[in-house]
Amino acid sequence: MLILVSGGAASGKSEYAEKLIVKSGFARRTYIATMQISDGEDERRAARHRAMRAGKNFDTLECPRDLSGVPLPQGGAVLLECMSNLAANEFFGGGNREGAKERILRGMDRLCREAELTVVVTNELFSDGIRYGDETEAYLAMLAALNRDLAERADAVVEVAAGIPIVWKGKEIL
């Protein structure tokens with residue numbers, strides 16, 4: 001089963017996604033952390049997420065790029081946090097930009113085959129009305145396409161706004 005959880009910054013999407021994994025009943029819980037820590041703010045965000053996961057029996061795997069190569073145990077539940085970071089790392093990380101979306105989707109296909117439940121957190125970055133430079137616009141277009149592809153594949157799509165889950169596809173999960 002694939003569940004896509006989207007929302008704006010500090011909307012409560014990460015907390016909701018963790019609750020989905022915990023309430024799933026799977027004893028094997030894997031957290032795939034995609035953020036590349038580059039400054040103090042990143043470290044503070046990562047520390048906050050680690051604190052949120054404390055006591056919830058997650059095994060954490062660091063995977064800023066190459067989702068297909070992450071050593072994933074069979075079965076159980078996987079939480080990928082977050083697609084926006086993974087997409088940025090693949091797009092801006094010095095590799096082949098042209099194949100970034102396809103690499104990510106191949107990794108997602110593998111994740112969904114090997115896990116019984118996959119929950120993906122992504123960001124809603126598209127409604128600020130700001131026109132960015134061409135490179136950033138290309139990244140946003142790729143992320144939007146990834147979000148659409150994942151939503152199409154997903155069994156459920158949930159947007160979290162102000163801590164309130166809004167189910168766009170599938171049924172109420174929590």
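**Why these labels?**

Modeller: Let's start with two helices: the axes of H3 and helix H5 (residues 134-153) come within 10 Å of each other, crossing at roughly 130°. This is a predicted model, where local features need pLDDT of at least 70 and side-chain atom pairs count only at pLDDT 80 or more, while totals for chains, interfaces and linings use all residues. Residues are numbered from 1 along each chain as its sequence is written, and side-chain values use heavy atoms, with hydrogens and water left out.

Colleague: What counts as a helix here, and what is an axis?

Modeller: Helices (H or I, at least four residues) and strands (E, at least two) are DSSP runs, numbered from the N terminus. An axis is a line fitted to C-alpha atoms, for helices over the stretch in contact, and angles between N-to-C directions run from 0 to 180 degrees.

Colleague: Which residues in H3 and H5 meet?

Modeller: Contact means heavy atoms within 4.5 Å. Met83, Ala87 and Phe91 are among the H3 residues that meet H5, whose side includes Tyr139, Met142 and Leu146. By class there are eleven nonpolar, two polar and one charged residues, where Ala, Val, Leu, Ile, Met, Phe, Trp, Tyr, Cys and Pro are nonpolar, Asp, Glu, Lys and Arg charged, and the others, Gly among them, polar.

Colleague: And how do you know how H4 lies against H5?

Modeller: Helix H4 (residues 100-114) and H5 have axes within 10 Å that cross at roughly 25°. That makes H4 roughly parallel to H5, and their crossing is right-handed. Ile104, Leu105 and Met108 are among the H4 residues in this contact, and the H5 ones include Leu146, Leu150 and Arg153. The class tally is eight nonpolar, no polar and four charged.

Colleague: What makes H1 and H2 get their label?

Modeller: Helix H1 (residues 13-23) and helix H2 (residues 40-53) cross at roughly 30°, with axes within 11 Å, and that makes H1 roughly parallel to H2. Ser14, Glu15 and Glu18 of H1 make the contact with His49, Met52 and Arg53 of H2. This one has one nonpolar, two polar and three charged residues.

Colleague: How do you know which strands are at the edge of the sheet?

Modeller: Two strands pair if DSSP finds at least two bridges between them. Seven strands form an open, mixed sheet in the order S3-S2-S4-S5-S1-S6-S7. Strand S3 (58-62) and strand S7 (164-169) each pair on one side only, and those are the edges. Inside the sheet, strand S1 (residues 2-7) and strand S5 (residues 117-123) pair in the parallel sense over six bridges.

Colleague: Why does the pair of tyrosine 31 and phenylalanine 58 get its name?

Modeller: Rings of Phe, Tyr and Trp (its six-membered ring) pair if their centres lie within 6.5 Å; planes under 30 degrees apart are stacked, over 60 edge-to-face, and the rest tilted. That rule gives four aromatic pairs. Here the centres are 6.1 Å apart and the planes are at 85°, so the pair is edge-to-face. Tyrosine 31 is in strand S2 (residues 29-33) and phenylalanine 58 in S3, so the pair ties together parts 27 residues apart in sequence.

Note on methods
Angles under 35 degrees count as roughly parallel, over 145 as roughly antiparallel, 65 to 115 as roughly perpendicular and the rest as oblique. A crossing is left-handed if the near helix is turned anticlockwise from the far one by less than a right angle, and right-handed if clockwise.
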